[in-house]
Amino acid sequence: MAIRGGSLKNIGWSLPKQKSDWFIWFILLLMFLFYVMPVYVMVVNGLKEAQGVSLSTMWNLPDSLSGGGFVEAWLRLRPNMYNSLLMVIPATIISSLAGAINGYLLAKWKFRGSDLLFTLMLFGFFIPYQAILIPLVQFLQLIKVYGSIPGLILVHVVYGLPITTLIFRNYFAGVPTELLEAARVDGAGVMTTFTRIMLPLSIPAFVVVGIFQFTNIWNDFLFGVTVVPNPAAQPVTIALNNLSGSFSVDWNVVMAGAVVAALPTALIYIFLGRFFIRGLLAGSVKG
């Protein structure tokens with residue numbers, strides 16, 4: 001729609017008219033600035049040379065755009081970024097598919113003990129990671145995947161099942177049962193109904209689960225440092241922690257590394273954020 005006379009109404013919004021609306025805008029602006037300020041400090045100081053970073057000059061813009069600590073941070077974090085991608089992509093896909101199957105069965109194919117099973121799965125939300133580290137390491141050693149990316153993938157898939165199952169179960173509960181009954185009349189079985197009917201309908205839920213799982217797995221630190229003790233095979237979050245030296249810290253490299261490590265999740269939310277909200281709203285039904 002073209003803007004005529006500079007009117008804001010033609011683009012779908014207008015300035016607030018009441019004092020309460022101005023107050024809300026002011027609070028939102030303060031919250032925005034509160035969020036943006038740390039990002040500004042990290043980016044600006046990451047672009048500086050090591051000698052130009054200090055408390056007194058942390059708000060100042062860099063004197064030159066030579067790259068600062070970003071080049072060094074990228075060179076040191078690049079192998080671990082690759083490790084994180086090797087971990088997060090299959091872990092997100094597998095946990096999402098497993099949660100979709102669980103949610104489909106628990107929502108539409110009730111069986112004896114299904115509600116109890118669902119309740120027990122939800123208890124995974126309340127088990128602290130620290131409480132299971134010793135048996136977790138022992139189990140991974142038993143199946144010969146300790147210290148490897150596949151072992152880390154397995155851990156994140158298992159720990160992601162409660163939330164992925166919950167989201168998909170709530171989503172599938174809103175799908176009309178008549179669709180499944182029509183599929184049964186046509187001779188479709190459980191998995192055929194899932195792959196031909198339910199799976200195409202669940203794209204919004206997959207977006208929500210995918211973003212949620214990708215973010216949680218990418219940002220994980222505890223499992224990464226516990227399951228994979230070899231620094232060369234660890235994810236980027238552990239490598240970011242190792243950027244700080246024992247005796248001195250190159251703050252420009254550390255801040256640049258924090259920006260580099262956070263970039264994938266930021267891009268995910270920037271490009272898929274609107275689909276994330278739609279998926280949440282589509283699945284906000286009572287299961």
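Predicted model: local features only at pLDDT ≥ 70, side-chain atom pairs only at ≥ 80, totals over all residues.
Residues are numbered from 1 along each chain as its sequence is written, and side-chain values use heavy atoms, with hydrogens and water left out.

Helix H1 comprises 28 residues (residues 19-46), and at 1.5 Å a residue it should span 40 Å; the distance of 40 Å between its end C-alpha atoms agrees with this. The expected span is 1.5 Å times one less than the number of residues. A kink of about 30 degrees is located at valine 36, shortly before proline 38; the bend is the angle between axes fitted to the seven residues ending at a position and the seven starting there.

The axes of helix H3 (residues 114-122) and helix H5 (residues 149-173) come within 8 Å and cross at roughly 135 degrees. H3 is therefore oblique to H5. Contact, meaning heavy atoms within 4.5 Å, is made by Asp115, Phe118, Met121 and Leu122 of H3 with Leu161, Pro162, Thr165, Leu166 and Arg169 of H5. By class, 6 nonpolar, 1 polar and 2 charged residues form this contact.

Threonine 226 is situated in helix H9 (residues 222-227) and counts as buried at 18% relative accessibility. Beyond its neighbours within four places in sequence, threonine 226 contacts Leu133, Val137 and Tyr146. Its C-alpha atom is separated by 9.7 Å from that of isoleucine 134, 92 residues apart along the chain.

Glutamine 234 occupies the loop between H9 and helix H10 (236-241). With a relative accessibility of 4%, glutamine 234 is likewise classed as buried. When residues up to four places away in sequence are not counted, glutamine 234 touches Asn80, Asn83, Gly224, Val225, Val228, Pro229 and Asn242.

Lysine 144 lies in the loop between helix H4 (133-142) and H5. This residue is exposed, its relative accessible area being 73%. Although not a glycine, lysine 144 adopts a positive phi of about 65 degrees.

Key:
Helix = DSSP H or I, 4+ residues; strand = E, 2+ residues; numbered from the N terminus. Buried < 20%, exposed > 50% of the residue type's maximum accessible area, 1.4 Å probe, protein only. Axes fitted to C-alpha atoms, helices over the stretch in contact; angles between N-to-C directions. Parallel < 35°, antiparallel > 145°, perpendicular 65-115°, else oblique. Nonpolar A, V, L, I, M, F, W, Y, C, P; charged D, E, K, R; others polar.
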